[in-house]
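Subject: Handing over the structure, with notes on what was found

Dear colleague,

I am passing this structure on to you, and my notes follow below it. Please look through it once before reading on.

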Amino acid sequence: MIYTITLNPSIDYIVEVDDLKLGGLNRMNRDLKLPGGKGINVSRILNQLGAANTAIGFLGGFTGRFINDKLQEEAIQTDFVTIADDTRINIKLKHGDETEINGLGPAISAEEADQLLHKLSSLQKEDIVILSGSVPPSLGSDFYDRLIHVCKQTGAEFVIDTTGPALMEALVHQPLLVKPNHHELAELFGVTIETREELVSYGRKLLEAGAKQVLISMAGEGALFITGTDVYHATVPKGKVRNSVGAGDSMIGGFVGTYVLQANLYEAFRTGVASGSATAFSDDLAARELIEELREQVTITKL
């Protein structure tokens with residue numbers, strides 16, 4: 001089983017306005033309410049690919065019920081801890097550019113946090129846990145460490161999608177996959193990266209520190225996949241970018257889902273790149289049909 005963990009989910013409230021007038025009355029052209037959060041996004045892509053998974057984390061209040069109901073409508077298995085505080089709402093305001101206004105994370109009690117850790121205590125060696133997204137301040141900065149500790153105790157593999165010190169601290173525990181983009185990789189090492197060769201060099205440092213595989217997204221320049229001594233480059237399909245939310249999560253979902261279903265890292269890389277592009281070209285997360293169509297446009301070269 002694949003488990004996705006979203007510690008700070010949200011309702012993503014997407015609002016389109018033609019001509020935003022600050023301080024005046026504005027009318028929407030269109031709005032859309034979606035279940036949000038990086039782990040939840042991964043679950044939705046896994047589901048599109050037919051990879052069985054369970055979405056877990058914390059949900060509370062009417063907003064939490066909305067998210068759980070939407071996921072169950074998509075036939076995604078859920079096992080969230082119910083908390084006393086309300087799950088947040090994030091506003092994505094589209095007005096030519098896109099402005100994001102993210103809600104505050106809920107207060108999560110020590111008892112509620114322990115409930116989530118207890119759920120993970122039944123993990124098996126064959127399971128993969130995907131950790132991604134922000135951590136509500138009430139959980140403390142070490143909560144990912146606590147989750148990783150449970151994974152290691154049970155023998156389950158884990159994937160982590162985060163940046164900065166939290167990522168560096170996780171590497172020693174040998175995550176199955178890490179996925180920084182090119183900007184995040186440069187920030188991680190406090191350097192300026194200008195060439196593909198430099199990206200590969202710093203990506204290899206993540207392997208040396210403990211990561212089993214490294215996936216580096218480079219926007220329109222494609223993506224790199226580093227595993228063992230091998231390095232691959234993938235092109236990205238051409239299309240009009242309509243959505244800036246969830247492309248990285250879709251890449252992880254496409255990669256892990258295909259890896260579990262086919263046990264083929266090469267095809268996992270191809271599907272990951274296609275999934276990220278398909279979401280970027282859609283209003284919501286990618287549908288399976290578009291992922292399959294774009295897969296044929298992804299060219300992979302061994303460097």
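Is F255 buried or exposed, going by its relative accessible area? F255 is buried, because its relative accessible area is 2%, where buried means under 20%, exposed means over 50% and partly exposed lies in between, with a 1.4 Å probe and protein chains only.

Some notes on how to read the values come before the rest. This is a predicted model, in which local features need pLDDT of at least 70 and side-chain atom pairs count only at pLDDT 80 or more, while totals for chains, interfaces and linings use all residues. Residues are numbered from 1 along each chain as its sequence is written, and side-chain values use heavy atoms, with hydrogens and water left out.

The chain as a whole

There are 10 helices and 15 strands in the chain, where helices (H or I, at least four residues) and strands (E, at least two) are DSSP runs numbered from the N terminus. The chain is as compact as a globular protein of its length, because its radius of gyration of 19 Å is close to the 19 Å that the globule rule gives for 303 residues; the radius is taken over C-alpha atoms, and the rule is 2.2 Å times the number of residues to the power 0.38. The C-alpha trace spans about 55 × 45 × 40 Å along its principal axes, and buried residues make up 51% of the 303 residues. Among contacts with a separation of 6 or more, 65% are between residues 24 or more positions apart, a contact being heavy atoms within 4.5 Å. The accessible surface comes to about 13,800 Å², and 49% of this belongs to carbon and sulfur atoms; the areas come from the Shrake-Rupley method with a 1.4 Å probe, and for residues only the protein chains shown count as cover.

The aromatic rings around F255

The structure holds 5 aromatic pairs, where rings of Phe, Tyr and Trp (its six-membered ring) pair if their centres lie within 6.5 Å, and planes under 30 degrees apart count as stacked, over 60 as edge-to-face and the rest as tilted. One of these is the tilted pair of F225 and F255, with 5.4 Å from centre to centre and 55 degrees between the planes. This pair links distant parts of the chain, since F225 is in strand 13 (residues 223-227) and F255 is in helix 8 (residues 247-262), 30 residues apart. Both F225 and F255 are buried. F255 also forms a stacked pair with Y259, at 6.5 Å centre to centre and 15 degrees between the planes; these two residues both lie in helix 8, 4 residues apart, about one turn of the helix. Y259 is partly exposed, because its relative accessible area is 28%. Ring pairs join F225, F255, Y259 and F269 into a cluster.

Leaving aside neighbours within four places in sequence, T258 is in contact with L49, A263, E267, A268 and T271.

A263 lies in the loop between helix 8 and helix 9, and it counts as exposed because its relative accessibility is 65%. A263 has a positive phi of about 55 degrees although it is not a glycine. Most residues other than glycine have a negative phi.

N264 caps the N-terminal end of helix 9, with a side-chain oxygen 3.0 Å from the backbone nitrogen of Y266. Helix 9 (residues 265-280) has 16 residues and should span 22 Å at 1.5 Å a residue, which agrees with the 23 Å between its end C-alpha atoms; the expected span is 1.5 Å times one less than the number of residues. Helix 9 is mostly covered, as 14 of its 16 residues are buried.

With best wishes

Methods:
Polar contact = N/O pair within 3.5 Å; in protein donor to acceptor, adjacent residues only side chain to side chain.
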